[in-house]
Amino acid sequence: MKILAIESSCDETAAAVIEDGRKILSNIIDSQVETHALYGGVVPEIASRRHMEAVVRVTECALEQAGMQADEVDAVAATCAPGLIGAVLVGANFGKSLAFSLGKPFIPVHHIRGHIAANYLEFPDLKPPFLTLVASGGHSLIVLVRDYTDFEILGGTRDDAAGEAFDKVARVLGVGYPGGPKIDKMAVGGDPNAYKLPVSHVKDAPMDFSFSGLKTAVINLAHNAEQKGETIDKSGLAASFCRAVVDTLVPRLAHAIDETGVKDVVCAGGVAANSWLRQALTDMAKSKRVQLYLPPLSLCGDNAAMIGAQAYYEFLAGHLGTTAQNAFATAEI
Ligand code: KG4
Ligand code: ZN
């Protein structure tokens, strides 16, 4: 089954053709990052307009790369939630209209389910049940994937998402948007003990966490240094911050492994590209003797291939049309 998938929930307009949820026939991403970098973050109105300009061209490119005509696809899928609403609507309504005009099924896909499904494209043997650490710009969750469309949230952030914290710290350190990759780079060779930063603990909720205290600590540190005219060891601060994020996330996931006894563990979302997190997860998996699946860097950030992968399993579960879209519009996953 060949699914044409569209993704437009934030600042990438993307289209892909995916076969049977596992094979990438094409994968096109038109990034708006350079535009939003001028403003220090994503400007929703501009994002929607850019999606409007790009969505047809990007879809044509995806079909061409797959060597297909539009009427040869078996279904059309699109991210329908969550995301910047104006941005989501462009891809979702384009996908729905295209499906309608072709007389093919339309499959609405939850963006975070898509991030998790990115792993199916890289690892043919990966099957539920497995545990997932989702760390993106908008979400940070520990999820038990019971089946392809059956998810249980075991824990998550009480405030900021991990990626959001990276982006805010990057802004304070003056390295601009998008912050995650820049902080990751800046931390190379830095001393993770250069600054003592807080790691959150949520009382009576061992798989929940928080990033607001960490974020505030870095902001205060930077402002105090500025007031006193002191220079910050930026590389050390970036490394200390990466270490604190990792020390927040990885023990919670380790706890989830102990609680559930699940032996397959996956990471998903933009922050899954972080080199400190990848290393720490690799070390943890080794010590816990679990199988770790890390998505390739090319599939960590937003893309439509992951939407096409999840769409296949949503289709098999009969989740078609607009009803499911409404049902999960406000759902966490
Ligand atoms: O999953 P994603 O592409 O979009 C959302 O669904 O939110 O995640 C984007 C987030 C951004 O906050 C970005 O700064 C972060 O992922 N990110 C990283 C890295 N690459 C992207 N954070 C830390 N280290 C990275 N290498
Ligand atoms: Zn995303």
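**Strands and hairpins**

Mentor: Let's start with one pair: Ala-5 has Ala-16, in strand 2, as its bridge partner. Keep in mind that this is a predicted model, where local features need pLDDT of at least 70 and side-chain atom pairs count only at pLDDT 80 or more, while totals for chains, interfaces and linings use all residues. Residues are numbered from 1 along each chain as its sequence is written, and chains are lettered from A and ligands numbered from 1 in the order in which they are written.

Trainee: What makes something a strand or a helix here?

Mentor: Both are DSSP runs, numbered from the N terminus: a helix is H or I with at least four residues, and a strand is E with at least two.

Trainee: How many bridges do strand 1 and strand 2 have?

Mentor: Strand 1 (residues 2–7) and strand 2 are joined antiparallel by 6 bridges. Two strands pair if DSSP finds at least two bridges between them, so 6 passes that cut-off. The two form a hairpin, with 4 residues between them.

Trainee: Which way do strand 2 and strand 3 run, and how many bridges join them?

Mentor: They run antiparallel, with 8 bridges linking strand 2 to strand 3 (residues 23–31). One example is Ile-18, whose bridge partner in strand 3 is Ile-24.

Trainee: Why is strand 2 called largely enclosed?

Mentor: Of the 8 residues in strand 2 (residues 12–19), 7 are buried, so the rest of the structure largely encloses it. Buried means that 20 or more other C-beta atoms lie within 10 Å of a residue's own; 12 or fewer is exposed, in between is partly exposed, and the C-beta atoms are placed from the backbone.

Trainee: Why is helix 5 said to be largely enclosed?

Mentor: Count again: 9 of the 11 residues of helix 5 are buried, so the rest of the structure largely encloses it. Among the buried ones are Phe-166, Lys-168 and Val-169.

Trainee: What is the largest nonpolar core built from?

Mentor: A nonpolar core is a set of buried Ala, Val, Leu, Ile, Met, Phe, Trp, Tyr and Cys residues joined through C-beta atoms within 7 Å. The largest one has 105 residues, and Ile-3, Ala-16 and Phe-241 are among those with the most contacts inside it. Helix 8 (residues 234–260) contributes the most to this core, with 11 residues. Domain 1 (2–116 + 299–328) and domain 2 (127–297) both give residues to it, so this core lies between them. Those domain bounds come from an automatic or database domain assignment.

**Domains and ligand**

Trainee: How many residues of domain 1 and domain 2 are in contact?

Mentor: 16 residues of domain 1 are in contact with 22 of domain 2. In contact means that the C-beta atoms, placed from the backbone, lie within 7 Å. The side of domain 1 that touches domain 2 divides into 9 nonpolar, 6 polar and 1 charged residues. Nonpolar covers Ala, Val, Leu, Ile, Met, Phe, Trp, Tyr, Cys and Pro, charged covers Asp, Glu, Lys and Arg, and the others, Gly among them, are polar.

Trainee: Where does the shell around ligand 1 lie, and why?

Mentor: Domain 1 and domain 2 both give residues to the shell, so it lies between them. There are 20 residues around ligand 1, and Ser-136 and Gly-137 are among those that come nearest. Near means that the C-beta atom, placed from the backbone, lies within 6 Å of the molecule. Helix 6 gives the most to the shell, with 4 residues. By class, the shell has 6 nonpolar, 11 polar and 3 charged residues.

Note on methods. Contact = placed C-beta atoms within 7 Å.
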